[in-house]
Amino acid sequence: MYKTYSRLEQLILPPPPKCGVELQTTLLSRKSYRNFSKKPINLSLLSGLLYYSSGLTMVSKNPKESRRAYPSAGAKYPLEIYVLILQGIDIKPGLYHYDLCAHALEILLLPVLKSEVEPIWKSQRWFRSAAVIFIITAIHKRTTEKYGPEGTIFPFIEAGHIGQNLYLLAQAYKVGCCAIGQMNEASVCKLLDINPNEEYPVYYLAIGN
Ligand SMILES: Cc1cc2nc3c(=O)[nH]c(=O)nc-3n(C[C@H](O)[C@H](O)[C@H](O)COP(=O)(O)O)c2cc1C
């Protein structure tokens, strides 16, 4: 399952670039970076980060046989990925939703006003110098429909899988990554225009140079 905004303009992403770094080397050097330089991100790098962290890596006519870059309980895939571009070269600062089927970004807010973004930050204001903030949301119903209340934890676990993918990819692409534990959730929901009773943010990661 996945969400699409079929009426919105799309930005098709370029093919994801290969990293060419050994997995063990990447694992050994992974760490959190917070001193972002405000250097912008380009579309090619963004494409690699999205595709290899959460993209559709094998497409099958039978949707149940399609594969993604991370595991999901019962293949229910409750997560959605939004990217908030703060500094970009060939992509304008704005809010986008990842359409994994088309490997494209749906343009949700362009430009995004400072006044719309400011309320999402809590105390850790240095994340404002990152190039992009990945916002992972969960539509829990997709999972709980199958597993009941016991499945409530699965989307959080799955977000962790994507988070680790992003950390490792950032290391391999030689950019910095840091998880963000605290954001103003109500403001994030408002920015994304999502109903927190149906979909809500579960994990945030900042990536930059
Ligand atoms: C769920 C989660 C939330 C985190 N939240 C923050 C945060 O809000 N601010 C921050 O500076 N680091 C945050 N981190 C990064 C941790 O501080 C960091 O992983 C830890 O200090 C270990 O350092 P390392 O990642 O460099 O190995 C978070 C990490 C995780 C997994």
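Which residues of the largest nonpolar core touch the most other members? In this predicted model, the core comprises 56 residues, of which Val83, Val132, Ile133, Phe134, Leu166 and Ile207 touch the most other members. Two or more residues are given to this core by each of the elements α2 (43-54), β4 (79-85), β5 (94-99), β7 (132-138), α5 (154-172), β8 (176-180), α6 (185-192) and β9 (200-208), and the most is given by α5, with eight residues. In soluble globular proteins, nonpolar side chains tend to be buried together.

The surroundings of Ile207 illustrate this core. When residues up to four places away in sequence are not counted, Ile207 touches Leu49, Ala130, Ala131, Val132, Phe134, Leu166, Ala170, Val175, Gly176 and Cys177. Among these contacts, Val132, Phe134 and Leu166 also belong to the group that touches the most other core members.

For the protein chain as a whole, there are six helices and nine strands, and buried residues make up 39% of the 209 residues. Of the contacts between residues at least 6 apart in sequence, 74% join residues at least 24 apart. The C-alpha atoms fill a box of roughly 45 × 40 × 30 Å along the principal axes. The radius of gyration is 16 Å, which agrees with a compact globule, because a globule of 209 residues would have a value near 17 Å.

The UniProt record, in an unreviewed entry, lists residues 28-208 as "domain: Nitroreductase".

Note on methods. Residues are numbered from 1 along each chain as its sequence is written. This is a predicted model: local features need pLDDT of at least 70, side-chain atom pairs count only at pLDDT 80 or more; totals for chains, interfaces and linings use all residues. UniProt positions are given in the numbering used here, feature names are shortened, and annotations may be inferred rather than shown by experiment. Helices (H or I, at least four residues) and strands (E, at least two) are DSSP runs, numbered from the N terminus. The radius of gyration is taken over C-alpha atoms; the globule rule is 2.2 Å times the number of residues to the power 0.38. A residue is buried if 20 or more other C-beta atoms lie within 10 Å of its own, exposed if 12 or fewer, and partly exposed in between; C-beta atoms are placed from the backbone. Two residues are in contact if their C-beta atoms, placed from the backbone, lie within 7 Å. A nonpolar core is a set of buried Ala, Val, Leu, Ile, Met, Phe, Trp, Tyr and Cys residues joined through C-beta atoms within 7 Å.
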